[in-house]
Amino acid sequence: MILTYKECIEKYGSDYMMKKEIAAGRLFQKSKGIYSDEYNCSELDFIVAKYPRAIFTGESAFYYYGLTDAIPEKYVLATKRSDSRVKSANIHQVFIKDDIFEIGKSTMEYRGVIINIYSLERLLVDIIRLKKKIPFDYYKEVIGNYREIAYKLDFFAVETYASKFRANKSIMNAIQLEVL
């Protein structure tokens with residue numbers, strides 16, 4: 001289980017007792033302020049603990065929802081523009097304007113880890129919006145899988161999310177042409 005420094009202090013009582021647990025091999029420091037009671041912990045669990053305000057998006061989110069079988073090379077995390085840079089080789093950070101950052105934020109359990117992730121509806125708007133930046137084959141795969149689950153989508157939410165962007169009419173037209 002991953003613990004923050006604060007959680008370790010609550011569990012072990014003091015910094016001194018926490019250091020004794022580390023010396024005894026019952027607690028392991030994974031990063032500054034992040035600890036684990038297991039020597040090997042999942043990378044996803046570590047990322048969620050280290051960046052609790054970040055939201056999974058893009059290739060990572062499409063993979064977690066099962067919209068593609070292409071395993072992402074990096075974890076794709078959305079953060080606010082005011083957040084500090086993530087310095088990790090296996091994380092691709094996407095800065096999002098503060099006013100649209102929380103739109104469509106939800107949680108899901110993936111392999112026993114509760115993660116912040118954008119909803120299917122928000123991701124649909126994003127993939128249509130960023131179509132030109134995505135490889136064509138990947139885009140077609142994800143859109144094809146959206147067609148199969150179109151009946152599950154809340155199109156009122158899709159319209160609401162699309163209305164937050166400048167090209168909202170063209171986004172909705174593309175969704176109607178390609179997904180419905």
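A residue is called buried when its relative accessible area is under 20%, exposed when that area is over 50%, and partly exposed in between, with a 1.4 Å probe and protein chains only. By this criterion, 44% of the 180 residues of the protein chain count as buried. The model is a predicted one, in which local features need pLDDT of at least 70 and side-chain atom pairs count only at pLDDT 80 or more, whereas totals for chains, interfaces and linings use all residues. Residues are numbered from 1 along each chain as its sequence is written, and side-chain values use heavy atoms, with hydrogens and water left out.

The pLDDT, the predictor's confidence in each residue on a scale from 0 to 100, has a mean of 86 over the protein chain, and 100% of the residues reach 70 or more. Nine helices and eight strands are present in the protein chain, where helices (H or I, at least four residues) and strands (E, at least two) are DSSP runs numbered from the N terminus. Among these elements, the lowest mean pLDDT, 78, belongs to strand β2 (residues 28-31), and the highest, 93, to strand β4 (residues 55-56). The C-alpha trace spans about 60 × 30 × 30 Å along its principal axes. With contact taken as heavy atoms within 4.5 Å, residues 24 or more positions apart account for 49% of the contacts with a separation of 6 or more.

Helix α6 is largely enclosed by the rest of the structure, because nine of its ten residues are buried; these are L120, E121, R122, L123, L124, V125, D126, I127 and I128. Within α6 lies D126, a buried residue with a relative accessible area of 8%. Not counting residues up to four places away in sequence, D126 touches T57 and F165.

The axes of α6 and helix α8 (residues 155-162) come within 9 Å and cross at roughly 45 degrees, axes being lines fitted to C-alpha atoms, for helices over the stretch in contact, with angles running from 0 to 180 degrees between N-to-C directions. The two helices are therefore oblique to each other, given that angles under 35 degrees count as roughly parallel, over 145 as roughly antiparallel, 65 to 115 as roughly perpendicular and the rest as oblique. In the contact, E121, R122, L124 and V125 of α6 meet A157, V158, Y161 and A162 of α8.

Helix α7 (residues 136-148) has buried residues Y138, Y139, V142, I143, G144 and Y146, and their cover includes α4 (58-64), α6 (120-129) and α9 (168-178).
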